[in-house]
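Good morning, colleagues. Please look at the sequence and the model as I go through a few side chains.

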Amino acid sequence: AGAVVSFIIKHGDEAAEFATKHTDDVADAVKISYGKSIDISDKKMYQQGQHFNKHGRDMGYSGKKEDGQAARDFFEQNKDTAEIYEGVWNSSRGGQSGQTQIIMRQGGIQLIINKETGQIIDFYEGTSLDGFIGIERVQ
């Protein structure tokens with residue numbers, strides 16, 4: 001922001017108008033590109049069998065492999081347009097406690113990705129962020 005202010009002082013009202021108009025565009029572009037910057041690992045979904053039994057069947061998938069592929073397809077199809085958040089998993093359940101997760105949501109479905117490893121952690125219908133702390137929208 002300091003560089004923008006210096007530029008405006010040197011170049012007057014026309015520069016101020018340009019900076020005002022395009023500062024939001026730059027901020028929006030940074031947020032939009034977040035989804036493209038996420039790398040999904042080749043590892044199977046975290047606790048895939050338990051996940052399938054809890055969510056996959058209810059979502060209409062016939063097996064663990066189809067459920068896992070659907071999660072990857074969801075990511076690819078929605079990474080540019082989905083709401084994306086980061087938050088720390090703060091639950092005593094599972095081995096992910098204390099780790100930063102990426103939460104992608106679109107159309108009432110959420111995909112949870114471990115930020116450090118890129119492993120898909122969860123994929124389900126719903127939009128609850130219960131269990132997360134320090135949530136920040138990044139896209």
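Is N78 buried or exposed? N78 counts as buried because its relative accessibility is 11%, where buried means under 20% relative accessible area, exposed over 50% and partly exposed in between, with a 1.4 Å probe and protein chains only. This is a predicted model, in which local features need pLDDT of at least 70, side-chain atom pairs count only at pLDDT 80 or more, and totals for chains, interfaces and linings use all residues. Residues are numbered from 1 along each chain as its sequence is written, and side-chain values use heavy atoms, with hydrogens and water left out.

Let me turn to the aromatic rings. Three aromatic pairs are present; rings of Phe, Tyr and Trp (its six-membered ring) pair if their centres lie within 6.5 Å, and planes under 30 degrees apart count as stacked, over 60 as edge-to-face and the rest as tilted. The F74 and F123 rings have centres 5.5 Å apart and planes at 55°, so this pair is tilted. F74 counts as buried at 8% relative accessibility, and F123 does at 1%. Ring pairs link Y61, F74 and F123 into a cluster.

I close with the charged side chains. The whole structure holds three salt bridges, each a side-chain nitrogen of Lys or Arg within 4 Å of a carboxyl oxygen of Asp or Glu. In one of them, E76 and K79 have their closest N and O atoms 3.1 Å apart. E76 is partly exposed, at 48%, whereas K79 counts as buried, at 19%. K115 and E86 also meet in a salt bridge, at 2.9 Å from N to O.
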